[in-house]
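Some terms used for a structure rest on cut-offs.

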Amino acid sequence: MKILPREKTWISDELKARCEEVEPATIGHYLHFGFMDPKISPVFDNVKMVGQAFTVKTTSYDSVMVHKAVSLAEEGDVLVIDRSGDTKHACVGEMVVYAAKARKLAGIIIDGPSTDIQAIRELGVPVFSTGLSPITTKLIGNSGEINTTVQCGGVTVNPGDLIIADDNGALVMPKDKEDLEEIIARAEANEANEANTKQKLDSGVPLASITRADSFLREQGLID
């Protein structure tokens, strides 16, 4: 078992506000990696979550490290839980989410199931999981790590990484990503141009003419 210090907060209020305005799906136009498996989805609709990853790894039916992690995470953090392949036991339910709300966490992502769905909806803290299960973890205390590199939804997550998630899914962007600012700016520009694109579509201009689709087809000699 291992507990490492929390990563220093690096996400500015300005960056967080900008990330809250862009969708992971828009950023998906410019990135191929960092998107968690679609099986990890929010347990209720109309959510947006932006924050710094606070990671925890636990195994099987042991929940000691999850309880400790939610007690150590700070305001604005996203608790990211690596279940080490377990797909049956729910390590997050009403009390863990209640604790997360009390500490003002941005939300929780679990590479496994959650439980107490009705209570989670009422609490309103964004929770992403692979599904629901009535089988819960227990206080065993024989395994787990906090603030180490973990795997969640097929993505490597390091402590402090930027998490952007909404109803469409969850994205992880490394805290030391050199082109982070450029990617966010391109996504912002893309979304700002959507109104113009819709106007053209309403006026009868084909989508393939607005985008680069026709250019690609023309290069291949498939259209004039």
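The questions and answers that follow concern a predicted model.

Q: Why is aspartate 116 called partly exposed?
A: Buried means under 20% relative accessible area and exposed means over 50%, with partly exposed in between. Aspartate 116 has a relative accessibility of 35%, so it counts as partly exposed.

Q: What makes Gly93 and Glu94 contacts of aspartate 116?
A: Contact means heavy atoms within 4.5 Å. Aspartate 116 touches Gly93 and Glu94 when residues up to four places away in sequence are not counted. Its place is in the loop between strand 5 (107-110) and helix 5 (117-123). The "binding site" annotation on Asp116 comes from an unreviewed UniProt entry.

Q: What makes a set of residues a nonpolar core?
A: The members are buried residues of the nonpolar kinds Ala, Val, Leu, Ile, Met, Phe, Trp, Tyr and Cys, joined through side-chain atoms within 4.5 Å. The largest such core has 43 residues, and Leu79 and Ile108 are among those with the most contacts inside it. Beyond its neighbours within four places in sequence, leucine 79 is in contact with residues including Phe54, Val70, Leu105 and Ile109. Another core, of 15 residues, lies apart and includes Cys19, Leu31, Leu162 and Ile183.

Q: How do you know which element gives the largest share of the lining of the largest pocket?
A: Lining residues have an atom within 4 Å of a pocket point. Helix 7 gives four of them, the largest share. The pocket itself has a volume of about 420 Å³. Of its 15 lining residues, those closest to its centre are Tyr30, Asn190, Ile210, Thr211 and Arg212.

Terms used. Residues numbered from 1 in each chain as written. Predicted model: local features only at pLDDT ≥ 70, side-chain atom pairs only at ≥ 80, totals over all residues. Heavy atoms only, no water. 1 Å grid on protein atoms, 1.4 Å probe; cavity = no way out; pocket = protein on both sides within 12 Å on 5 of 7 lines; lining within 4 Å. Points joined across faces, edges and corners; volume = space filled by probe spheres on them. Helix = DSSP H or I, 4+ residues; strand = E, 2+ residues; numbered from the N terminus. Buried < 20%, exposed > 50% of the residue type's maximum accessible area, 1.4 Å probe, protein only. UniProt positions renumbered as here; feature names shortened; annotations may be inferred.
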